[in-house]
Amino acid sequence: MRRKVIFSGTALPYALLAPQLAITVVFFFWPAAEAVWYSFLRQDAFGISTQFVGLENFEDLFADPLYLQVVRNTLVFSLAVTALAMAVALLLAVLADRHIRGRETYRTLLIWPYAVAPAVAAVLYIFLFHPNIGLLGRALNGMGIAWDYRLNGDQAMLVVVLAAAWKQVSYNFLFFLAGLQSIPKSVLEAAAIDGARPVRRFWTVVFPLLSPTTFFLLVINLTYAFFDTFGIIDALTKGGPANATQTLIYRAYIDGRVNLDLGSSSAQSVALMVAVMALTLVQFRFIERKVHY
Amino acid sequence: MPQALPAIAAPDAAASEARRARADWLTHAILLLGVALFALPIWLVLVGSTHDAATIGRGDVPLLPGAEGPANYAAVWTQGDTRRAQVAVSTMMFNSAVMALLITLGKIAISIVSAYAVAFFSFPGRMLCFWAIFITLMLPVEVRIFPTFQVVSDLGLVNTYTGLILPLIASATATLLFRQFFLTIPDELVEAAKMDGAGPMRFFKDVVLPLSTTNIAALFVILFVYGWNQYLWPLLITTSAEVETIVIGIVKMIGAEADTEWNRVMATTVLALLPPVAVVILMQRWFVKGLVETEK
């Protein structure tokens, strides 16, 4: 935790820390504190008078059926993205970990989607699923399936889930691959000597040994689906149709920037902060301590 | 493994060999399918960007390249799309590059010096500073959208590079990574430097910085991708064309869809993808190492 040998002086370290701390205070702590403060206030429709309303913004928020629908959307979306992105990544990582020709090439060809912006991934998915100009969208309509993610809420959810998972697979793939490569070969050989077939060997030996990686990725993927998918939703569906793909972040953006509802947007920010803190705590407590194999 | 266990494996060596060959074949098949699924949308935009607007607008999804490629790319590069205010894609690319590079270099510079202060000095409030930085992990810009916009607008930084970049430049992740790495620098090295009369800044410049190059390269890839791909923050903070980034530009180009020039959107998409994908592929070695170590 601490070095034994250090330099003396106090002015220099403060000077070195100053830029980081200044930005942290001005752009992180100050706005966060403001969000908490605004969440207790309410402005009238013309922004003339402001009054303190205690927890009313939160009460209104959690009594609002639309907000509850948004919470439900976010949960469905996040769980689907996480499950899909992790399952596909695990399969690919297990295969790429086998001693076959061209493993390095496969790795290169599987990691690049990490570099694609969420909003750009969404644009790519328009060209796949658009009912008029998309390859698969047209094919589906040609087969007599009424496909239009701009009108059908379930289809919209499916497309945003696919786009979000597509982008996240490469990240998971790299971590699963690193996890697999750190499993001692002796353990695998022992299982092979015991005569366990590959599939059984995977579920009884390899998968349990991967549990730290799996749990780590679970939290990271949920965090990603919660917070980093704004661009995907904005570019593909704008939260529609009929709010079917509106997530918590998207709602906070609409209320804050479009509807200019200061109190509600701030209350939503505070609710989101609580969610991030919970996820971060889980990451640091549960994962570091409990998942020891 | 079969080679290591000849006695046990011998009886059904042929059967196990055949099984292995079958498994290898299946492995290649599934991996190739995965690669193809990843590449399919890219192929579609790449091909689409070489056709004229009418072909794509009609819905004849082309699967092979056409002849309009050079014309499309030249058109978007110099004038963007014809429908809106016409921001040239070259301007958007420039803005994205400025944003990505300044965020990357700024984050690395700010966090390496603060990690150095926390790791190599002892001063009142050291742990407080460390926790203040650490806690920003829990406050991503997405959860404080409106109040942060308010602060930036109060400072008069809307529609400026400063407003675009400065709020994103603090990095708890990079600071933690550098601190972690600095703690592994042996005490003997510091002692030797002190005995030679080298001050802390000299030690930083001559020892710490050269030792950190791998970490800096790894962070460069991760942060460049992060910077280039920003969406929500530029959407809030830029309303004028001069500071529009390419990721924002593409989505604006699509607009209401009715009269979207899809071939131009596709060409712009290819251009938007190129820089971050190139950085990840060319710097793959550092990227993989950095990613796995930063997060763990």
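In which helix of chain A is confidence lowest, and in which is it highest?

A: In chain A, confidence is lowest in helix α13 (residues 262–289), with a mean of 78, and highest in helix α3 (residues 65–96), at 94; these values are pLDDT, the predictor's confidence in each residue on a scale from 0 to 100. This is a predicted model, in which local features need a pLDDT of at least 70 and side-chain atom pairs count only at pLDDT 80 or more, whereas totals for chains, interfaces and linings use all residues. Residues are numbered from 1 along each chain as its sequence is written, while chains are lettered from A and ligands numbered from 1 in the order in which they are written.

Chain A as a whole has an average pLDDT of 86, and 95% of its residues score at least 70. Over residues 289–293 of chain A, however, pLDDT stays under 50, and the model has six contacts beyond four places in sequence for this stretch; two residues are in contact if their C-beta atoms, placed from the backbone, lie within 7 Å. For the complex, the predictor gives an ipTM of 0.87 and a pTM of 0.88.

The secondary structure of chain A consists of 13 helices and two strands, where helices (H or I, at least four residues) and strands (E, at least two) are DSSP runs numbered from the N terminus. The C-alpha trace of chain A spans about 75 × 75 × 30 Å along its principal axes. When contacts in chain A between residues at least 6 apart in sequence are considered, 71% join residues at least 24 apart. Of the 293 residues in this chain, 41% count as buried, a class that requires 20 or more other C-beta atoms within 10 Å of a residue's own, with 12 or fewer making it exposed, anything in between partly exposed, and the C-beta atoms placed from the backbone.

Helix α10 (residues 211–227) of chain A has 17 residues and reaches 24 Å from its first C-alpha to its last, close to the 24 Å expected at 1.5 Å a residue; the expected span is 1.5 Å times one less than the number of residues. The buried residues of α10(A) include A:Thr213, A:Leu217 and A:Asn221, together with A:Tyr224, A:Ala225, A:Phe226 and A:Phe227.

Helix α11 (residues 230–236) of chain A holds A:Asp234. This aspartate counts as buried because 21 other C-beta atoms lie within 10 Å. Apart from its neighbours within four places in sequence, A:Asp234 is in contact with A:Ala119 and with B:Val251. The C-alpha atoms of A:Asp234 and A:Thr204, two residues that are 30 apart along the chain, are separated by 42 Å.

The loop between α11 and α12 (248–258) of chain A contains A:Lys238, and A:Ala242 lies in the loop between α11 and α12 of chain A as well. Most residues other than glycine have a negative phi. A:Lys238, although not a glycine, has a positive phi of about 50 degrees, and the phi of A:Ala242 is likewise positive, near 50 degrees. Their surroundings are classed separately: A:Lys238 is partly exposed because it has 15 C-beta neighbours inside 10 Å, whereas A:Ala242 is exposed because it has 12 inside 10 Å.

The contact between chain A and chain B takes 78 residues from chain A and 81 residues from chain B. On the side of chain A that touches chain B, the largest share, 19 residues, comes from helix α1 (residues 11–38) of chain A. That side of chain A has 58 nonpolar, twelve polar and eight charged residues, where Ala, Val, Leu, Ile, Met, Phe, Trp, Tyr, Cys and Pro count as nonpolar, Asp, Glu, Lys and Arg as charged, and the others, Gly among them, as polar.

Residues 1–9 of chain B keep a pLDDT under 50, and for them the model has eight contacts beyond four places in sequence.
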